[in-house]
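Keep the structure open while you read.

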Amino acid sequence: MRRPRNARSKPARFAKVAVAGALIPLSLTLGACAGGGSGSSSGGKTTLRITWWGNPERAKATQDAIALFEKAHPDVKVEAQPSAYPGYYDKLNTQITAGDAPDVFQVDTVTKYASKGSLADLGQYKDVLDTSAIDPAFLAQGSYQDKLYEVPAGSNPFALLYNAAAVQKAGATAPTSGMTWQQYADLAKAISAKGGGKTWGAADDSANVQAFEIFVRQRGGNLYSADGKKLGFTAADLTAWWQYWADLRKSGAVPPATVTEPGVTGDVTKVPIAKGLVAMDAYGTSTTLPGEDWKYVGLPGETAAKPGAYLKRSVNWGVYGHSKHAKEAAELVSFLVNDSAAGQKLGITRGAPANSKVLAALTPALSGTAQQVAQYTAYVGKPGNNSAAPPPSPAASTQIETDLFVRMAENVWFGKADVAKAAEDFVKQAEQQLTDGF
């Protein structure tokens, strides 16, 4: 089973994960009944626990920002508990079941946790948690039943990423925001024609649910309905998407499946663009690719009349619903997302800051790809370059996006199903999972 690139800012394009989602409703219900709670007080100091997943760079940056918080709040001690992604949610769910989750934790599925009482209503802490410089579109993604439960730890607007040197070597014109999907296909074909069958113009994004989300939003849909009980697109939409990429594979504009397949195992160094095999690909801006000084522009098909892009959060900070020191925990969250000095320490380790003031202060200090990410995030935030954020993802979304969508795309790759049949099967099975509530 695999996870889409930065669907929720996971460490790689399609990271393999256990299907913990099926266990969450039971474990969180038990946690809501458990006593205790997190946090402690000793020697006149309040101790908070905070956990997150990520690479060592993210861990160091977060710990450096926490040190600034402790300096500004000498009466609070923060115990940092960084983690790798594998097993992160399994451990967190076990802690919630036991009534002993960290006071603050990195989270990306508000519906699962808020619906079971495992997250604190952050609207109760407006005196210490300021969200005025965070766009409402970001906050909507951390809200459940009109209450704010999560605050964005970073942003992840989706983009078309390209290797400028590879495009130039092929004698092609660099992609630009506003190009059509047909123009993108033509550009990919032109670059591939210079590759001699060893390099290609674009990556095959047929299994990339994030890119598909932008595509379907350009057509007036969403991944899910507003109530989360149905898909927000039709089998015809998905057929159009998979047929587009099938045609590009046939024309040689994108690599064959045998070249694409190694990059979906979870190792970002194995994706075709990181290996120099393709010149263009669709990615979330919170994903750090090795190598080149990457350039970012809007995905094909974007228009001011109907942009599919939105101010997408990467991951969020949540406060444990049974924390003994929820107010102090909310104050820590506020510091991490609102303090400019903390923003300098955090950089773009979770994508560009969602706080517009922190982003503006940070951008001049960045260089290379990091500055490209910050500038593109600011671009998406301008009127006409984004549309309203989609409704919060339903509980079944993890299984649908990380397993089912990719599996059905692969069935097309390897001739196990034609495009229309794969699309019909996906819709039928996805809507069943939404009904079951996974």
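H9 supplies Leu238, Trp241, Trp242 and Arg249. H15 supplies Phe405, Met408, Ala409, Val412 and Trp413.

## The chain as a whole

The model is predicted. Its protein chain holds 16 helices and 12 strands. Of the 438 residues, 57% are buried.

Take the contacts between residues at least 6 apart in sequence: 76% of them join residues at least 24 apart.

## Helix H7 and its buried face

H7 covers residues 181-192, which is 12 residues. From first C-alpha to last it reaches 16 Å, close to the 16 Å expected at 1.5 Å a residue. Its buried residues are Trp181, Tyr184, Ala185, Leu187, Ala188, Ile191 and Ser192. Seen down the axis of H7, they fall within an arc of 165°, so they line one face of the helix.

What does this buried set of H7 pack against? The partners include three strands: E8 (158-162), E9 (200-202) and E10 (278-284). Helices H6 (164-169), H8 (209-218) and H9 (235-251) are also partners.

## H7 beside H9

H7 and H9 pack at an angle of about 20°, and their axes are 10 Å apart. That angle makes H7 roughly parallel to H9. H7 passes H9 in a right-handed crossing. On the H7 side, Trp181, Tyr184, Ala185 and Lys189 make the contact. On the H9 side, Trp241, Tyr244, Trp245, Leu248 and Ser251 take part.

H16 runs over residues 419-436 and has 18 residues. Its C-alpha span is 26 Å, close to the 26 Å expected at 1.5 Å a residue. Buried in H16 are Val419, Ala422, Ala423, Phe426, Val427, Ala430, Gln433 and Leu434. They cover an arc of only 135° around the axis, which puts them on the same side of H16.

H9 and H15 are among the elements that cover these buried residues. Now turn to the face of H16 that points away from its buried side. That face carries the exposed residues Lys428, Thr435 and Asp436.

## Exposed loop residues

Gln145 sits in the loop between strands E5 (143-144) and E6 (147-148). Asp146 lies in that loop between E5 and E6 too. Gln145 is not a glycine, yet its phi is positive, about 50°. Asp146 also has a positive phi, near 65°, and is a residue other than glycine. Asp146 counts as exposed at 82% relative accessibility.

Pro74 belongs to another loop, between helix H2 (56-72) and strand E3 (76-83). At 58% relative accessibility, Pro74 counts as exposed, because the cut-off for exposed is over 50%. Pro74 and Lys45 are 29 residues apart along the chain. Their C-alpha atoms are separated by 7.9 Å.

Note on methods:
Residues numbered from 1 in each chain as written. Predicted model: local features only at pLDDT ≥ 70, side-chain atom pairs only at ≥ 80, totals over all residues. Heavy atoms only, no water. Helix = DSSP H or I, 4+ residues; strand = E, 2+ residues; numbered from the N terminus. Expected span 1.5 Å × (residues − 1). Buried < 20%, exposed > 50% of the residue type's maximum accessible area, 1.4 Å probe, protein only. Arc of directions from axis to C-beta. Contact = heavy atoms within 4.5 Å. Axes fitted to C-alpha atoms, helices over the stretch in contact; angles between N-to-C directions. Parallel < 35°, antiparallel > 145°, perpendicular 65-115°, else oblique. Left-handed = near helix turned anticlockwise from the far one by under 90°.
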